[in-house]
Amino acid sequence: MRAERQYLERHAEPEASLANLIERRFGHVVTIPAYGEGAELAKAVASVPEGLLGDVLVIVVVNGRTDAPAPMQAANRVTLEHLCEGADRIASGASLSESPGRVLLAIDRASSGRELPPRHGVGLARKIAADLALALWARGSIASPWIHCTDADVVLPSDYFAQAARIDQAAAIVYPFRHQETGDPARDRDALEYEISLRYYVGGLRHAGSPHAHHTIGSTLAVRASAYAQVRGFPKRLAAEDFYLLNKVAKVGDVRSLDGAPIALSARSSARTPFGTGRALERARRQGQESLRCYHPEIFSYLGAWEQLLRQLVGQEGVLELGELFSAQLAHWSGVDGGLLRESLSATGAWRSAAAASSRPPGRVRANYLRQGFDASRTLKLVHSLRDNALASPPLPEALAAARFLVWDRSESLEAARARLDAQERLSARGSPLSDD
């Protein structure tokens, strides 16, 4: 418990001390940031299923920055009034309310004087909730080792806790997901295209042999409490806090994708964060009929060539020169421009990092050093460099039809493409061969 103790003493948010005021024990904990929410929050909380190990603690952090728009501030006030009505106040800005099998802890980080700083956002809200969850787990008040992270606009499946209970060794897990239909054909098509683009990217990573072939959606995550402490929690970002948390967690343990019932995600457009689902759907709404664009499928061939070289570098005996190995492998990389790949690797710092690793002795040290150097963040930077230098993003249907990891043509529906990509993800989660690869 040393890592947990050090984290709580040195890096946790002040709200973690609320753990000392909560006497009872729980089976599970679910954390939810809420910013400018309405009725959907109540629906999300109501969807939290019965806990396998005992009652469920739901931690809701109602948050807003000092520069939040007036409508969001008004919505936060209404949310706080609703959550605090009939609840027991345990501290300033914190109240508990109980229903059968579930206890809701509301934390106020939206009222005047309690707001988040201007350049912080959902990342800090998630960190506040998860830090408190860690503190409760560390003192033995929560039985499950998982800190579940989701959002205020989801519906959780009935086997939500059962899916996590089947995983023993992973440091984090990623739940399956599906966007809910709204009944608005235009909005539903935008959500479908965006969801396919997410699955397409993960499918491309998997085809390339990347160890980061999993989704990074904040409403679908659970992280093991011990791993959360090791990586010092969520980054306090306005967005992408989920991506960067999993990037850190992947360096201390496995990130596993699950194949149970999906979490139902909202297909609403939103400007709550600089990017992500809501922002993408808002942008699609403004653009009208213009088709979504996604990464060129050949980018994943370049990434696959580099991943293959890294695996060979790990297996080599003795010290070798990275440039020599790169040149020797060029002939085996069909359709890959070696100059473009090396230029993109240099631009992202990946080449320099791998060159340093290649000068180290083979074995565990080299493998760890390589993976630390070419993580999910640098993988994405390489994808972006290849896109910006040569492989521009085509319209979604064109990318889907050309992708080597997907059997689909334009005579089929987009729903068929989503179904096939989803099936690939589930087969991969089960450790089965992928029929379309």
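This is a predicted model: local features need pLDDT of at least 70, side-chain atom pairs count only at pLDDT 80 or more; totals for chains, interfaces and linings use all residues.
Residues are numbered from 1 along each chain as its sequence is written, and side-chain values use heavy atoms, with hydrogens and water left out.

**Salt bridges**

Side chains of opposite charge can pair when their charged atoms come close. Here a salt bridge is a side-chain nitrogen of Lys or Arg within 4 Å of a carboxyl oxygen of Asp or Glu. The whole structure has 21 of them.

| Salt bridge | Closest N and O atoms | Separation in sequence |
|---|---|---|
| Glu 98 with Arg 24 | 2.7 Å | 74 residues |
| Arg 430 with Asp 259 | 2.6 Å | 171 residues |
| Arg 404 with Glu 298 | 3.3 Å | 106 residues |

Helices (H or I, at least four residues) and strands (E, at least two) are DSSP runs, numbered from the N terminus.

Glu 98 forms a salt bridge with Arg 24. Glu 98 sits in strand E4 (residues 94-99) and Arg 24 in the loop between helix H1 (2-10) and strand E1 (28-34), so the pair ties together parts that are 74 residues apart in sequence. Glu 98 is exposed, at 59% relative accessible area. Arg 24 is partly exposed, at 28%. (Buried means under 20% relative accessible area, exposed over 50%, and partly exposed in between, with a 1.4 Å probe and protein chains only.)

Arg 430 forms a salt bridge with Asp 259. Arg 430 lies in the segment after helix H17 (414-429), and Asp 259 in the loop between strands E11 (255-257) and E12 (263-265). Asp 259 is partly exposed, at 29%.

Arg 404 forms a salt bridge with Glu 298. Arg 404 belongs to the loop between helix H16 (396-402) and H17, and Glu 298 to the loop between helix H9 (277-287) and H10. Arg 404 is partly exposed, at 47%.

Salt bridges also link Glu 195, Arg 199, Arg 418, Asp 422, Glu 425 and Arg 426 in a network.

**Cavity and pocket**

On a 1 Å grid over the protein atoms alone, a cavity is a set of points where a 1.4 Å probe fits but cannot get out. A pocket is an open set with protein on both sides within 12 Å along at least five of seven lines, and lining residues have an atom within 4 Å of a point. Grid points are joined across faces, edges and corners, and a volume is the space filled by probe spheres set on the points.

There is one cavity of 30 Å³ or more. The largest cavity has a volume of about 30 Å³. Its lining includes Trp 306, Leu 310 and Phe 374. Helix H13 (350-358) is one of the elements that give two or more residues to this lining. H13 gives the most, with three residues.

The second largest pocket has a volume of about 660 Å³. Of its 32 lining residues, the closest to the centre are Pro 211, His 212, His 214, Asp 254 and Val 255. H17 supplies the largest share of the lining, five residues.

Two strands pair if DSSP finds at least two bridges between them. An open sheet of three strands runs in the order E7-E12-E9, with mixed pairing. Strands E7 (154-155) and E9 (177-179) are the edges. E7 and E12 pair in the antiparallel sense over two bridges. Val 155 stands opposite Ala 264 in E12.
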